[in-house]
Amino acid sequence: VYTMQPHQDLFNIEAVTPLVTRIPKGSDPLRAAFYGLFLVAMHSFLECPVRPGECVVVSGLGIIGQLAAFIARRSAGKLVLVAPPGVKTDIAEWIGADAIVSPEDAAEAIAQCSDGRGADLYVETSGAPAALQTAIENTCVLGTIAVPAWYGSGSVNLSLSSEFHLRSQKLVSIQVLHVDTGRDWSWARRMAVADLFLKQIDIETLITHRFPFSEAPEAYKLLDEQASTALGVILDYRI
């Protein structure tokens, strides 16, 4: 089963949806470990769909960002990925984006891929306030900025005096527990879609490190001190 429970060596959990979901027969449990992250990425497009041929930008190349880009690639006309400072862009080459750029080169790449209009949809997954400002500045008239990112408890200062107002942009907060599509997107249906799409991905592409659960402190130290080199960090209870 897949559970929505934080890492612990022992816990009790009520066997009810959405806390516990049965993994379909034939599905790899390792792939199922990415269900929750895929749901966050997918939810961005349930709330903010990509129309065929649109220019889509995704900032942040963590797992959620890469999964969001993977979904967007299916209908986007142009796809631009913006890598946070210090993150190697080659980790996202498997997606097949039209451009993978650093933040300082984002405006030029987006202009080229959109014929100067700006992004139709900008998905901000990095959690960096500066990235959200870049999204506002490079999204088109009547464009949408989907924000599944979490900015923590600090303040986020944005300039809304120009592009955001003059372009009538939409800024949409994405929270995976809330679905407002007007259709039946039950938890079971979303999990089934996550399983279907994740089967199309070489999941090893998203994994950079494995630790036995007993070495969890070392795994968190790696994430704290070398975040730019760590993508998917797996805690394995079996070793």
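Which residues make a nonpolar surface patch of about 200 Å²? The patch is made by Met-4, Val-16 and Leu-19. Before going further, please keep in mind that this is a predicted model. Met-4 sits in the loop that lies between strand 1 (2-3) and strand 2 (20-21). With a relative accessible area of 35%, Met-4 is partly exposed.

An open sheet is formed by six strands, in the order 5-4-3-6-7-8, and their pairing is parallel. At its edges are strand 5 (99-101) and strand 8 (170-173), each of which pairs on one side only. From one strand to the next, the twist averages 15°.

For a look inside the sheet, take strand 3 (residues 55-59) and strand 4 (residues 78-82): they run parallel and are joined by five bridges. One of the residue pairs to find on screen is Cys-55 with Lys-78, its bridge partner in strand 4. Helix 5 (residues 129-137) packs on the sheet, where it touches strand 3, strand 6 (119-124), strand 7 (139-147) and strand 8. The direction of helix 5 makes about 155° with that of strand 7.

Within helix 5 you will find Ala-135. Is Ala-135 buried or exposed? Ala-135 has a relative accessible area of 0%, so it is buried. Leaving aside residues up to four places away in sequence, Ala-135 touches Tyr-122 and Ile-145. Leu-206 lies 71 residues from Ala-135 along the chain, and the C-alpha atoms of the two are separated by 25 Å.

**An enclosed helix and an exposed loop residue**

Why is helix 3 (residues 63-72) largely enclosed by the rest of the structure? It is described that way because nine of its 10 residues are buried. Among them are Ile-63, Leu-67, Phe-70 and Ile-71, along with Gly-65 and Gln-66. The cover over the buried residues of helix 3 includes helix 2 (35-47), strand 3, strand 4, helix 7 (187-198) and strand 10 (232-236).

Arg-51 belongs to the loop between helix 2 and strand 3. Its relative accessibility is 57%, so Arg-51 counts as exposed.

**Salt bridges**

Side chains of opposite charge can pair when their charged atoms come close. How many salt bridges does the model have? The count comes to six salt bridges, including those in this table.

| Asp-98 | Arg-73 | 3.1 Å |

At 37% relative accessibility, Asp-98 is partly exposed.

Asp-236 has 11% relative accessibility, so it counts as buried. Arg-238, at 75% relative accessibility, counts as exposed.

Key. Residues numbered from 1 in each chain as written. Predicted model: local features only at pLDDT ≥ 70, side-chain atom pairs only at ≥ 80, totals over all residues. Heavy atoms only, no water. Patch = residues over 30% accessible without salt bridge, like charges linked within 9 Å, V, L, I, M, F, W, Y side chains within 5 Å. Areas by Shrake-Rupley, 256 points an atom, 1.4 Å probe, with all protein chains shown as cover. Salt bridge = Lys/Arg side-chain N within 4 Å of Asp/Glu carboxyl O. Helix = DSSP H or I, 4+ residues; strand = E, 2+ residues; numbered from the N terminus. Buried < 20%, exposed > 50% of the residue type's maximum accessible area, 1.4 Å probe, protein only. Pairing = 2+ DSSP bridges. Axes fitted to C-alpha atoms, helices over the stretch in contact; angles between N-to-C directions. Contact = heavy atoms within 4.5 Å.
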